[in-house]
Amino acid sequence: MEEHLRAVPSELEIIKQDFERRNAELEKKMEQMEEEKMNLRLDADVQKLEAERLRKGKTKAGEDLDSLKTDYKKLRLLIRTVGLGKTSEQWREEIREEKNKVDSWERRFQEVQTRNEILKKSLSEKQKEKGELENRVTELE
């Protein structure tokens with residue numbers, strides 16, 4: 001009977017084992033949360049870099065647009081000042097060429113404007129995602 005009593009763990013031992021098991025579970029959960037926190041910080045850093053890249057792209061698109069406008073104005077001035085003494089057929093041909101150039105510049109201008117809008121939208125989305133990630137990081141902390 002004495003051997004049988006020794007084999008049955010006491011209530012204190014059962015509570016101790018339960019506590020140790022629960023403590024191990026909580027430690028594992030804490031490690032997982034720390035890892036998730038680190039991953040979220042990395043994600044936030046990536047989002048910041050992406051947002052900065054988009055801002056630079058937007059700035060470059062704006063500079064390209066300004067450059068196109070300047071080139072267009074110079075081209076129009078050049079059209080007005082060059083080519084005196086040409087025949088009507090030469091003028092018609094030059095006008096056709098210049099219209100094609102204008103159309104090309106206008107298409108490029110539209111492309112730059114479209115790209116600029118896309119960049120604005122993407123930047124806005126990235127900033128929203130960044131805010132959400134920062135909120136999650138704050139919640140996790």
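**Stop 1: Leu54**

Select Leu54: apart from neighbours within four places in sequence, Leu54 is in contact with Leu119, Ser122, Leu123 and Lys126 (contact means heavy atoms within 4.5 Å). The model is predicted, so local features need pLDDT of at least 70 and side-chain atom pairs pLDDT 80 or more, while totals for chains, interfaces and linings use all residues. Residues are numbered from 1 along each chain as its sequence is written, and side-chain values use heavy atoms, without hydrogens and water.

**Stop 2: the core**

Next select Leu54, Ala61, Leu65, Leu68, Val112 and Leu119, the 6 residues of the largest nonpolar core. Such a core is a set of buried Ala, Val, Leu, Ile, Met, Phe, Trp, Tyr and Cys residues joined through side-chain atoms within 4.5 Å; buried means under 20% relative accessible area with a 1.4 Å probe, protein chains only. Helix 2 (11-81) and helix 3 (88-140) each give two or more residues to this core, and helix 2 gives the most, with 4 residues. Helices here are DSSP runs of H or I, at least four residues, numbered from the N terminus.

**Stop 3: the helix pair**

Show helix 2 and helix 3 together: they pack at an angle of about 160°, with axes 8 Å apart. Helix 2 is therefore roughly antiparallel to helix 3 (angles over 145 degrees, on a scale from 0 to 180 degrees between N-to-C directions, with axes fitted to C-alpha atoms over the stretch in contact).

**Stop 4: the annotated spans**

Finally, select residues 16-52 and 88-136, which an unreviewed UniProt entry labels "coiled-coil region"; such annotations may be inferred rather than shown by experiment. Residues 16-52 are 100% helix and 0% strand, with end C-alpha atoms 53 Å apart. Residues 88-136 are also 100% helix and 0% strand, and their end C-alpha atoms lie 71 Å apart.

Key. Buried means under 20% relative accessible area, exposed over 50%, partly exposed in between (1.4 Å probe, protein chains only). Angles under 35 degrees count as roughly parallel, over 145 as roughly antiparallel, 65 to 115 as roughly perpendicular and the rest as oblique.
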